[in-house]
Amino acid sequence: MQIPAFNFGQMPRIVFGAGTRHQLPALAAEFGSRILILTGARSFTASDDWPVLQTALRHGGLSFEHAVVDGEPSPQLADALASQYRAAGIEVVIGIGGGSVLDAAKAVAGLLRIPNSVMDFLEGVGPELPYPGPEVPFIAVPTTAGTGSEATRNAVLSQHGEGGFKKSFRHERLVANYAVIDPDLLASCPPSLIAANGMDALTQLLESYVSTRANPLTDALAMSGLRAVRDSLLPWFRGEGDLASHRSNMAYAALLSGITLAQVGLGSVHGLAAPLGAFFPMPHGVVCGTLVAECTRVNIACLQERATGSDFLWRYAHVGKVLANDMRLAEADGLYALVERLEFLTGEMALPVLSSMGMQASDIPRVVANCRGSSMKTNPVVLSDDEVAGILRARL
């Protein structure tokens with residue numbers, strides 16, 4: 001079989017493994033001695049690792065400023081942080097936290113050396129100017145296993161409420177110089193966070209595998225990540241077995257999900273997650289876990305109706321066989337196993353329905369009208385507005 005042509009974009013240098021957080025001072029020193037550290041409000045700064053890192057930085061002759069990102073970052077927060085530290089001579093930005101912290105840090109690193117507001121660059125908002133750079137070097141240190149933001153070139157920023165949006169500041173120059181993935185930093189994740197972030201990673205791996213832009217390299221990475229999710233998400237959520245191994249597997253899966261989504265895009269789950277996260281107080285990973293089974297079921301049904309024999313049906317079936325850990329299944333059984341497993345995970349980890357997070361049936365037209373962003377463009381089948389609305393109704 002001839003390998004089709006494909007393009008694989010820039011990636012960070014990856015430093016993976018237990019204890020790799022201790023390399024941060026040496027890695028940061030490669031870029032300079034003045035550091036801006038962004039963290040979440042509680043998890044990392046309340047841990048023993050925070051004073052250890054501060055001491056190590058000072059012993060290495062490095063100075064640092066510290067800022068907190070509490071909740072999903074807004075354009076206003078990114079602009080405010082960039083304005084606050086623009087004159088401080090920051091030479092490297094370190095983001096330590098979940099996807100929101102990493103997205104904020106990525107955006108700030110891209111804004112510190114230019115006078116613009118991030119609104120100038122957001123996709124689908126404002127003038128959408130080309131990003132000119134220069135950027136400040138950026139080191140991403142995830143403390144959750146879900147978004148894969150440590151490996152992507154986009155910073156997702158949100159403005160909530162009426163007229164809200166969830167859009168990306170995206171450019172190759174925003175890719176982290178280093179992604180430091182230390183599974184030990186996941187030890188404090190509660191089950192609810194494990195569930196939401198784990199389902200986000202699973203969704204990203206699945207959607208990139210069935211993306212219209214999928215290629216052999218991303219296929220291999222997505223399959224490797226899906227096997228890791230199969231083996232470790234539910235046991236880690238339940239607190240069963242070798243928890244260190246489960247944390248490592250899920251950190252690896254999340255990293256691969258970020259790599260694959262950055263290269264080939266996503267699908268209908270993330271198409272819907274953008275307006276849902278903008279209009280309602282819905283955590284991104286929760287939305288993914290809530291919708292992935294129903295979106296997959298509808299995509300499969302539409303492919304069977306409109307594209308019998310499609311390679312995407314084979315792909316969905318292959319994922320079903322992998323998650324069922326039974327490669328002998330026939331295609332139809334693989335498709336059934338996939339939807340059944342996704343539904344089981346959603347129920348077992350108690351992902352909430354949309355109505356419990358503030359959405360009502362009357363909101364469906366507004367969500368449908370705002371779901372046709374970049375993720376929908378790589379969904380394996382074009383869904384009608386009625387089909388999208390059906391997905392939402394099924395999860396109300």
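**A buried threonine and the chain around it**

Modeller: T378 counts as buried because its relative accessibility is 5%; buried means under 20% relative accessible area, exposed over 50%, and partly exposed in between, using a 1.4 Å probe and protein chains only. The model is predicted, and local features need pLDDT of at least 70, side-chain atom pairs count only at pLDDT 80 or more, while totals for chains, interfaces and linings use all residues. Residues are numbered from 1 along each chain as its sequence is written, and side-chain values use heavy atoms, with hydrogens and water left out.

T378 sits in the loop between α12 (364–369) and α13 (385–394). Helices (H or I, at least four residues) and strands (E, at least two) are DSSP runs, numbered from the N terminus. Apart from neighbours within four places in sequence, T378 is in contact with V210, S211, T212, R213, V264, G265 and L266; contact means heavy atoms within 4.5 Å. With L266 there is also a polar contact: a polar atom of the T378 side chain lies 2.7 Å from the backbone oxygen of L266. A polar contact is a pair of N or O atoms within 3.5 Å; within protein, one must be able to donate a hydrogen and the other to accept it, and residues adjacent in sequence count only if both atoms are side-chain atoms.

Next comes the annotated span. An unreviewed UniProt entry lists residues 195–394 as "domain: Fe-containing alcohol dehydrogenase-like C-terminal". UniProt positions are given in the numbering used here, feature names are shortened, and annotations may be inferred rather than shown by experiment. This span is 72% helix and 0% strand, and its end C-alpha atoms lie 21 Å apart.

T296 lies in helix α9 (residues 284–306) and is buried because its relative accessible area is 3%. Not counting residues up to four places away in sequence, T296 touches L206, Y316, L338, V339 and L342. L338, V339 and L342 are among the buried residues of α11, which also include G334, L335, A337, L345 and T346. Those buried residues pack against α5 (191–209), α6 (216–238), α9 and α10 (311–324).

Helix α11 (residues 331–348) has 18 residues and reaches 25 Å from its first C-alpha to its last, close to the expected 26 Å; the expected span is 1.5 Å times one less than the number of residues. A350 follows α11 and belongs to the loop between α11 and α12. The phi of A350 is near 55°, a positive value in a residue other than glycine. A350 counts as exposed because its relative accessible area is 60%.

The other annotated span has another make-up. In the unreviewed UniProt entry, "domain: Alcohol dehydrogenase iron-type/glycerol dehydrogenase GldA" covers residues 13–183. Here the share is 24% helix and 25% strand, with the end C-alpha atoms 17 Å apart. Since 12 of its 13 residues are buried, α4 is largely enclosed by the rest of the structure. The cover over the buried residues of α4 includes α3 (75–85) and several strands, among them β2 (34–39), β4 (92–97) and β5 (138–142).

The loop between α4 and β5 holds E128 and also P134. E128 has a positive phi of about 50° although it is not a glycine, and its 44% relative accessibility makes it partly exposed. G133 and P134 are joined by a cis peptide bond, with omega about 5°.

Finally, the whole chain. The domain assignment gives domain 1 (13–186) and domain 2 (191–395); such bounds come from an automatic or database domain assignment. The C-alpha centres of the two lie 26 Å apart. Between them, 23 residues of domain 1 are in contact with 30 residues of domain 2. The area buried between domain 1 and domain 2 is about 2000 Å², with carbon and sulfur atoms giving 58%. Buried area is the accessible area (1.4 Å probe) that two parts lose on being put together, summed over both.
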